[in-house]
Amino acid sequence: MDREFIAERQKGLQNYLNVITTNHILSNCELVKKFLDPNNYSANYTEIALQQVSMFFRSEPKWEVVEPLKDIGWRIRKKYFLMKIKNQPKERLVLSWADLGPDKYLSDKDFQCLIKLLPSCLHPYIYRVTFATANESSALLIRMFNEKGTLKDLIYKAKPKDPFLKKYCNPKKIQGLELQQIKTYGRQILEVLKFLHDKGFPYGHLHASNVMLDGDTCRLLDLENSLLGLPSFYRSYFSQFRKINTLESVDVHCFGHLLYEMTYGRPPDSVPVDSFPPAPSMAVVAVLESTLSCEACKNGMPTVSRLLQMPLFSDVLLTTSEKPQFKIPTKLKEALRIAKECTEKRLMEEQKQIHQHRRLTRAQSHHGSEEERKKRKILARKKSKRSAVENSDEHPAKYSNSNNSAGSGASSPLTSPSSPTPPSTSEHAPF
């Protein structure tokens with residue numbers, strides 16, 4: 001087969017893969033992962049999940065699977081099943097199963113205790129966990145099924161049970177939310193983030209699909225993700241910026257992504273964002289600039305408390321009678337603190353590696369650029385000409401010195417201070 005044809009096809013395939021991998025949703029798709037890295041993504045996680053769920057049902061016979069909810073989430077190693085309770089057949093629940101991630105630093109005992117503690121967490125802006133259990137390799141949680149779906153389903157006008165790619169990858173209509181919705185939802189989400197930060201409970205997984213809508217109330221999902229050590233949906237973004245190096249700052253940066261999506265009906269094309277499209281209010285843009293702009297990503301994120309004081313959210317009145325409750329024993333708080341520090345350390349190491357790789361790539365790109373090659377050629381020519389001129393000047397000098405030596409005879413030895421030493425003589429000595 002023609003070599004040029006093969007090279008052209010390889011280039012076309014590489015361009016195609018570049019387009020796919022720069023799309024945030026497509027790059028996390030299981031089919032793409034399996035194509036690019038078949039060795040690490042060869043397992044059948046649906047089968048593994050079914051085995052774990054079946055083992056669970058042996059000890060908890062009151063639950064029953066209605067149907068698997070195929071690909072409704074973006075994670076490859078997290079699976080969902082529609083459930084029901086046998087003596088309440090009309091009530092629908094959702095079971096989620098996930099195995100451990102790279103940031104699981106809790107001991108097995110502390111991990112299992114914290115997972116089982118989640119149903120006791122009561123907060124007006126946290127979606128209640130009905131049941132939770134864990135073993136040394138995975139966790140299983142059950143929540144009520146919500147027909148309205150998540151905040152992302154509202155933005156994209158999607159059906160909750162549809163696959164993730166179908167719901168969000170190519171929306172038919174792009175339209176943001178009303179200003180009052182943005183203000184209210186944003187304030188509710190910030191309030192629950194502050195609550196978790198004050199409790200010392202790391203989150204780090206904020207995005208529109210992790211916010212359940214219950215009427216006009218936003219409720220946060222998947223608190224278990226940080227305990228499992230799972231990677232954040234936006235990790236590929238904030239890992240580029242060395243100032244976003246704590247889980248609190250990660251939450252604030254992710255809130256910027258969420259606010260952008262609520263405002264414009266779609267995620268930003270790239271981050272940092274150089275300029276923002278027209279928004280329903282300049283107060284929205286002010287918050288976006290503080291979380292997604294070049295300056296913010298370079299200098300660091302504001303705190304959640306600072307965002308709550310900004311004009312967009314400071315005048316929002318929240319009416320709720322539910323008192324927050326989440327009692328974490330002192331020993332488990334200490335375990336969470338250590339795990340959080342380990343997670344942040346790994347993030348900083350990854351950010352350092354990315355920074356060094358970027359510097360090396362820029363240096364190689366600069367060195368290999370057409371302009372640099374031209375500069376090096378010009379310098380080489382100038383050096384060559386200079387050497388030629390120096391050599392031509394050197395030969396007459398040698399000739400003149402040799403004549404002077406011959407005329408002076410033996411009375412003027414070469415070592416005499418009165419006779420100048422020719423340049424470069426020692427370099428050409430026969431011994």
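A residue counts as exposed when its relative accessible area is over 50%, and as buried when that area is under 20%. By that rule K157, with 52%, is exposed. Keep those two cut-offs in mind as you look around this predicted model. Its protein chain has 17 helices and seven strands, and buried residues make up 42% of its 431 residues.

**The chain as a whole**
- Take the contacts between residues at least 6 apart in sequence: 65% of them join residues at least 24 apart.
- The chain exposes about 24,800 Å², and carbon and sulfur atoms supply 53% of that area.

**Aromatic rings**
- To describe a pair of aromatic rings, you give the distance of the centres and the angle of the planes.
- There are 13 aromatic pairs in the structure. In one of them, F56 and F131 have ring centres 5.4 Å apart and planes at 45°, so this pair is tilted.
- F56 and F131 tie together distant parts of the chain: F56 belongs to helix α4 (residues 45-59) and F131 to strand β4 (residues 131-134), 75 residues apart. Both F56 and F131 are buried.
- Now look at Y234 and Y237, whose ring centres are 6.0 Å apart with planes at 65°; that makes the pair edge-to-face, because the angle is over 60 degrees.
- Y234 is buried at a relative accessible area of 3%, and Y237 is buried too, at 17%.
- Y234 and Y237 also belong to one aromatic cluster, together with W74, Y156, F164, Y168 and F233.

**Helix α12**
- Eight of the eleven residues of helix α12 (residues 282-292) are buried, so the rest of the structure largely encloses this helix.
- The buried ones are A283, V284, V285, V287, L288, S290, T291 and L292.
- Their cover includes α8 (179-199), α11 (247-264), α13 (294-299), α14 (304-308) and α15 (311-314).

**Cysteines**
- A disulfide is a covalent bond between the sulfur atoms of two cysteines. How many disulfides does a search of the whole structure find? It finds zero.
- For C169, the closest cysteine sulfur is in C29, 8.5 Å away, which is too far for a bond. C169 counts as partly exposed, at 27% relative accessibility.
- For C297, the closest cysteine sulfur is in C294, 7.1 Å away, again too far for a bond. C297 is buried, with a relative accessible area of 3%.

- Most residues other than glycine have a negative phi, and most peptide bonds are trans.
- The peptide bond from V271 to P272 is cis, with omega near 5°. You'll find P272 in the loop between α11 and α12.
- D71 has a positive phi, near 55°, in a residue other than glycine. D71 is in the loop between β1 (63-69) and β2 (78-85), and it is partly exposed, with a relative accessible area of 47%.
- K157 also has a positive phi, near 55°. K157 lies in the loop between α6 (151-156) and α7 (164-168). Is K157 buried or exposed? K157 is exposed, because its 52% is over the 50% cut-off.

How values were computed. Residues numbered from 1 in each chain as written. Predicted model: local features only at pLDDT ≥ 70, side-chain atom pairs only at ≥ 80, totals over all residues. Heavy atoms only, no water. Phe/Tyr/Trp six-rings, centres within 6.5 Å; stacked < 30°, edge-to-face > 60°. Helix = DSSP H or I, 4+ residues; strand = E, 2+ residues; numbered from the N terminus. Buried < 20%, exposed > 50% of the residue type's maximum accessible area, 1.4 Å probe, protein only. Contact = heavy atoms within 4.5 Å. Areas by Shrake-Rupley, 256 points an atom, 1.4 Å probe, with all protein chains shown as cover. Disulfide = S-S within 2.5 Å.
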